[in-house]
Amino acid sequence: MTTLLMRGGTIHTPTGTGATALAAEDGRVVYVGDDDGASAYEGADAVVDLQGGLAAPAFTDAHVHSVLTGFQLTRVDLRGTANLAEALDLVARQAATQPDGVVVATGWEEHSWPEGRPPTSAEVDRAAPGRLVLLERRDCHSSVVSPALEQAVAGLPALDGYDASGRVERDARRRVSEVLGDLVGPEQRLVAARAAVRAMAASGIAGFHETAAPHIGPAYELELVRQASAETGLRPTFYWGSRDLAEARELRVSGLAGDLNADGAIGSRTAALSRDYDDDPGNRGHVFLTAEEIADHLVACTEAGLQGGFHCIGEEGLDTVAEGLLLARRRVGRDALRAARHRLEHVEMPPRRLLEVMAELGVVASMQPLFDALWGGPHAMYAERLGERWRGMNPVGSMGRLGIPMAFGSDSPVSPIDPWAGIRAAVHHQDPEERLDVRSAFDAHTRGGWYAARVDDAGALEPGHAAHIAVWDCPAGLAGDLPDLAPDTPLPELRHLFVDGVMTGEPR
Ligand SMILES: [Zn+2]
């Protein structure tokens, strides 16, 4: 039996009763209370003096793409390089430390260099001889390819946008991106998965939901994410965005949910609306599934003991999902649907009837509160695309009032892995009607994620729960047993992460 004792700090508990100490045995919390009461655990294998810090349930992230996140974390960043030589130097160094796969560098801008031009393919080849190298311009509209990469893309010189210097734009650039996915193999994807999982651990995340899908990465990535998680000690839950029950069994996933697209996204004007996009008259986006298909999927998942769910964003897409849920209720009944704990991702523009159906059927809302911080408000991307309709988007306040179970996440790399920033975004939502109190927001990023993964004994520091604990320094101070999250104040910094009572992660 291994035991853990923490004392001398603030313990965040569901009831907020002023606990200062906690003990765990074999990965389970056994005691929460004052320091005196904790003296019974004096001889614990590990004793942590909290020194006034905060011990709180570790975070969950309910929507992550680990390998894509890792690509973003591991590629060479050319922003801020002083000249061409420095940029090529970074590429050479990356090629030396990364023995195989494609070397990807992003962020160059020729006008910020005295040379006033991008590197040529010959220069890239001198920096990384014989390697597959892609250098992407900061705006992602043009790139430079190495000679080896050019050769790997059949027919590239014949395409529109190809230049013999190695620069590719338009059709040529698109073709390179298409081929790139196949050139990046399992080893490189495992390196990326490891980087993502370590980044999550460093952010105080103990459990995350990998929302994998055939259009996002190859199915073998699930095993790589399992391996990377086991190495770091994190607890992943897997979803697969398909309607094929045989694949669910084969891939050992908890559900056919996550990025199974019912519609598109606002940024690319493919989310399905009931009125035109303000900045693209005539376009209302696309619904990819009918209400009957949605109902069939939910019924099939319910009967197979799996969670079902969809990526769904625009009001028209979400109304179709509401219709599908109602059809499914007629076929298998309310209780069976509630017990299955189905889930919907993003739910950015829900019509009222969807919210009511979600509340009635216990459907989890997997929300990304940083979307509002990034794109909400009267002057950002949502308002550009949708005008006044930006109000009431990502309505975590309404969901909270209706008792809809919520699980917060990042959709990383779409928004960064930064749970405290997400909680702050929900608390200071740009639509004042949709603000959530800090306790509910914190719950949605901890217990809510475990609930969404159908784990009911994790996410709270109380006896019987898994000892997934993050210890924080809170430079802006505490308000009760949570950090003060006023705008523009420094966010908490992770000291330690414990998963199942064992210290893990990378303390910063
Ligand atoms: Zn996603």
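**Helix α1 and the zinc site**

Student: Which elements do the buried residues of α1 pack against?

Tutor: This is a predicted model: local features need pLDDT of at least 70, side-chain atom pairs count only at pLDDT 80 or more, and totals for chains, interfaces and linings use all residues. Numbering starts from 1 along each chain as its sequence is written, and side-chain values use heavy atoms, leaving out hydrogens and water. Helices (H or I, at least four residues) and strands (E, at least two) are DSSP runs numbered from the N terminus. With contact meaning heavy atoms within 4.5 Å, the buried residues of α1 pack against β7, α6 (186-202), β13 (205-212) and α7 (221-232).

Student: Within what arc do the buried residues of α1 fall?

Tutor: The buried residues (under 20% relative accessible area; exposed is over 50%, partly exposed in between; 1.4 Å probe, protein chains only) are S66, V67, T69 and G70. They line one face of α1, because the directions from the helix axis to their C-beta atoms fall within an arc of 155°.

Student: Which residues are the protein donors of the zinc ion?

Tutor: Donors are N, O and S atoms within 2.8 Å of the metal (3.2 Å for Na, K and Ca); water is not among the atoms, so sites may look incomplete. Here the donors lie 2.0 to 2.6 Å from the zinc ion and are H63 (NE2), H65 (NE2), D259 (OD) and D411 (OD).

Student: How many residues apart in sequence are the parts tied together by H65 and D259?

Tutor: H65 lies in the loop between β7 (59-64) and α1 (66-74). D259 lies in the loop between β15 (255-256) and α9 (291-304), so the separation is 194 residues.
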